[in-house]
Amino acid sequence: MIPLVLLGAAGRMGRAIEQAAGESGDFQIRLRIDRPQQIPPPSARGAGEAWSDSPEAIAAGDVVVDFSAGPGTCAAARACAARGAALVSGTTGLDGAAEDELKAAARRVAVLRAANFSLGIAALRRSLREVLAVLPASWDIEIVERHHRGKADSPSGTALHLAGDAAAARGLAAGAFRFGREGRAGPRPAAEIGVHAVRGGTWVGDHAVLLAGEGEWIELRHVASDRQAFAYGALAAARYMATSPPGLYTMDDVLNQRR
């Protein structure tokens with residue numbers, strides 16, 4: 001059994017991962033961590049549930065799955081590095097300091113960083129790189145993502161990763177990104193990658209990459225209709241991290257070992 005620590009356990013992803021872990025049979029949730037106001041009272045907890053408001057309770061051999069916020073991710077990264085626990089982080093919207101904390105932890109323990117844990121998104125990113133490798137450089141690239149009305153960051157981390165993949169394939173800098181258009185924007189520059197965010201309703205996650213040439217176009221699209229897709233992917237990542245040496249990993253590594 002893989003000992004699992006859920007950081008952000010009371011949130012939507014934390015609950016989804018707990019459900020998926022219970023169905024899997026190879027994980028034991030040793031500890032749930034969240035902000036004090038999010039922790040359920042003892043009367044509302046299941047039998048034997050352990051909760052904490054601090055990552056200081058992380059122990060050697062744990063695999064920590066993080067869906068919290070920037071400060072929680074930084075604290076978890078430091079605790080994992082100090083205690084010898086692997087870290088799987090899916091927190092989005094991290095600043096440079098938080099990303100540096102993850103990189104520092106990866107020098108001592110296994111750390112997997114992903115904006116999206118869907119295996120389908122991992123396959124989409126790989127497909128995009130392969131398609132762009134054979135298409136003419138003159139084809140235009142536009143990325144459109146849709147999420148529920150409550151999502152805090154925009155555009156999504158996944159859309160930014162897709163844009164980054166496209167920019168790397170084309171040899172473009174991040175300055176090539178165009179976040180939405182309005183007014184008399186003029187003709188579309190060739191060396192531009194459009195990134196557009198749509199918010200509303202209860203969309204779980206929808207990412208489309210549009211590749212437009214002369215008289216033809218290709219759409220690469222992934223739709224998540226259930227949050228459990230991300231939970232299953234996070235657990236696949238946790239299994240991989242449980243036996244991985246120190247280093248910084250991505251979902252592409254998880255996809256490779258599943259082939």
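**Notes on the predicted model**

1. R181 counts as partly exposed because its relative accessibility is 35%. The classes are buried under 20% relative accessible area, exposed over 50%, and partly exposed in between, with a 1.4 Å probe and protein chains only. R181 sits in the loop that links β8 (177–179) to β9 (193–199). Helices (H or I, at least four residues) and strands (E, at least two) are DSSP runs, numbered from the N terminus.

2. Basis of the values. This is a predicted model, where local features need pLDDT of at least 70, side-chain atom pairs count only at pLDDT 80 or more, and totals for chains, interfaces and linings use all residues. Residues are numbered from 1 along each chain as its sequence is written, and side-chain values use heavy atoms, leaving out hydrogens and water.

3. What does R181 touch, leaving aside residues up to four places away in sequence? The partners are E142, R188, E192, G194 and H196. Contact here means heavy atoms within 4.5 Å. I218 is 37 residues from R181 along the chain, and their C-alpha atoms are 21 Å apart.

4. The largest nonpolar core has 38 residues. Such a core is a set of buried Ala, Val, Leu, Ile, Met, Phe, Trp, Tyr and Cys residues joined through side-chain atoms within 4.5 Å. L4, I17, V65, V88, L112, F117 and M251 touch the most other members. Elements giving two or more residues include β1 (2–7), α1 (12–24) and α7 (251–257). α6 gives the most, with eight residues.

5. Look at F117. Not counting residues up to four places away in sequence, its contacts include F67, V88, L112, F230 and M251. Another core lies apart from the largest one. That core has 21 residues, among them V5, A81, A85 and A106.

6. Overall fold. The protein chain has seven helices and 12 strands. Of its 259 residues, 47% count as buried. Among contacts between residues at least 6 apart in sequence, 68% join residues at least 24 apart.

7. Dimensions. Along the principal axes, the C-alpha atoms fill a box of roughly 60 × 40 × 35 Å.
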